[in-house]
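Please look over the structure shown here, and read the report that goes with it.

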Amino acid sequence: MIKNNQHILNRVHVILDAAVIIASYGMAWFLRFKSGIFPIDAWYLSLRVYMSALIFIVPGYLLLYYMFQLYTPKRVQGRRLEAWHVIQANTIGFMAFILILYVRHQTNFSRRMLFVFLCINIFLEILMRNVIRMFLRKIRSRGLNQKHILLIGYSRAAEQYADRILQNPQWGYTIRGILADNAPRGTEYRGIKVLGRIDNLLVVLPQNRLDEIVITLGLAEYHKLERIVKMCEKSGVHTKFIPDYNNVIPTKPYTEDILGLPVINIRRVPLSDPLNKLVKRVIDLFGAVVALVIFSPVMLGTAAAIKLSSPGPVIFKQERVGLHNRPFEMYKFRSMVVQNTDEEKKKWTTKNDPRVTKVGKFIRRTSIDELPQLFNVFKGNMSLVGPRPERTQFVEKFKEEVPRYMIKHQVRPGLTGWAQVNGYRGDTSIKKRIECDLYYIENWTLGLDFKILIMTFFKGFVNKNAY
């Protein structure tokens, strides 16, 4: 039933896409030649000539949409990814059309009209898909258009998968139960019960009432995997496998194919690519220079306030651990009274810490004390965006207490980062910070860097956890 519904939905999608393409093309023609917005040449081609091109445009664009996976189920796919696929498909279609016109020497066919068509079609396609998405999520949240799932194996992976399904009813998944050998029948997790042993699968599968089977075996039971997969594939039920080692393997593993043998690298680090590293460094240099110019009045005023309010140097230097575990001197505006180096190393700053000066309290809360780190960025010790660097003694402590802590040193530390814009600054959970740092390291893109910088401006400067 679910499969039939998906086929119907795909057909509706194709029909609506074709209608949107035709409507966008017609609107583009009207805006170009009849609206008075653009100047008209006396020799422009007739409406019939332009409309005849739709014979090739409509199937061509529908094929591109298929190639960019715009007709695959999107229960858990994000809106931004789908919108990006729409933009990619339309841009390639536009460029291909221009190339064909050039090869055929069709100089009278309005390129301006095609550009207007590109813009309108992208807008309407994204709008249409979001309307469909909202409609489907609404009916799924009411218990309709559901996919019925059975979990095989009780493990951390089973619990984490169930958590996500229950938190997102709009995805349209219903977990019927769990078959497991390592938990007694009747064991319950958030209302989902263990129905029996894994061998009961031989009874359940022939009934053909399931849409998906999700294998969530624990690490100790992986020897059963091959037998379970064979049973599922023999029945024809769509099967997924959620590994119970997600705390080791990242969500986007770097895979290799060695003559048909799959190899999964434990850590995917996009910034290990020389080109990515070079692009990020160029942006860091440019951003640091621009920021130093923009914030120079603030930095000069802060330096004067520190000098007048308490004795001691304006700039405070502190050893931190950076790229490849190498120590470096990080610069900050001094926000505390001058103290013995050994004393300063003993602890973090706490609420109402008597060491913090009046000026220091303000510049710490507003993150102005971090501005001298722009010189660290310029020198290459740091990046504008990355995991925050920590003091040597705390690195030694955390690497024993927090799993995967040292992975953060595979990239340059940052002035701001994904953890900071998500509220994990100051006296907050180290484990949560590391989770954010690992997400950033494994999913780095220039777009993510720009997103973090923008979020820093809106909610990253004022730090309620800075004492």
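This is a predicted model: local features need pLDDT of at least 70, side-chain atom pairs count only at pLDDT 80 or more; totals for chains, interfaces and linings use all residues.

The report below treats helix packing, then the sheet and its helices, and finally the aromatic pairs.

Two packed helices are described by the angle between their axes and the distance between the axes.

| Helix pair | Angle between axes | Distance between axes |
|---|---|---|
| H4 (residues 79–103) and H5 (residues 111–141) | roughly 155° | within 10 Å |
| H3 (residues 54–67) and H5 | about 50° | 14 Å |

Since angles over 145 degrees count as roughly antiparallel, H4 and H5 are therefore roughly antiparallel to each other, and H4 passes H5 in a right-handed crossing.

H3 and H5 pack at an angle of about 50°, which makes H3 oblique to H5, and the crossing of H3 and H5 is right-handed. Here Ile 57, Tyr 61 and Tyr 65 of H3 meet Phe 117, Asn 121 and Glu 125 of H5, a contact with 4 nonpolar, 1 polar and 1 charged residues.

The description now turns to the sheet. An open sheet is formed by 6 strands in the order S3-S4-S2-S1-S5-S6, with mixed pairing, and its edge strands, each pairing on one side only, are S3 (188–189) and S6 (238–241). Within the sheet, strand S1 (residues 147–152) and strand S2 (residues 173–179) run parallel and are joined by 6 bridges; Leu 151 has Ile 178 in S2 as its bridge partner. Helix H6 (residues 156–167) packs on the sheet, where H6 touches S1, S2, S3, S4 (192–196) and S5 (212–215), and the direction of H6 makes about 155° with that of S2. Helix H8 (residues 225–235) also packs on the sheet, touching S1, S5 and S6, and the direction of H8 makes about 175° with that of S5.

How many aromatic pairs does the structure hold? There are 12 aromatic pairs in the structure, and one of them, formed by Trp 29 and Phe 33, is tilted, with 5.8 Å centre to centre and 45° between the planes. Both Trp 29 and Phe 33 lie in helix H1 (residues 2–33), where they are 4 residues apart, about one turn of the helix.

Terms used:
Residues are numbered from 1 along each chain as its sequence is written. Side-chain values use heavy atoms; hydrogens and water are left out. Axes are lines fitted to C-alpha atoms, for helices over the stretch in contact, and angles run from 0 to 180 degrees between N-to-C directions. Helices (H or I, at least four residues) and strands (E, at least two) are DSSP runs, numbered from the N terminus. Angles under 35 degrees count as roughly parallel, over 145 as roughly antiparallel, 65 to 115 as roughly perpendicular and the rest as oblique. A crossing is left-handed if the near helix is turned anticlockwise from the far one by less than a right angle, and right-handed if clockwise. Two strands pair if DSSP finds at least two bridges between them. Contact means heavy atoms within 4.5 Å. Rings of Phe, Tyr and Trp (its six-membered ring) pair if their centres lie within 6.5 Å; planes under 30 degrees apart count as stacked, over 60 as edge-to-face and the rest as tilted. Ala, Val, Leu, Ile, Met, Phe, Trp, Tyr, Cys and Pro count as nonpolar, Asp, Glu, Lys and Arg as charged, and the others, Gly among them, as polar.
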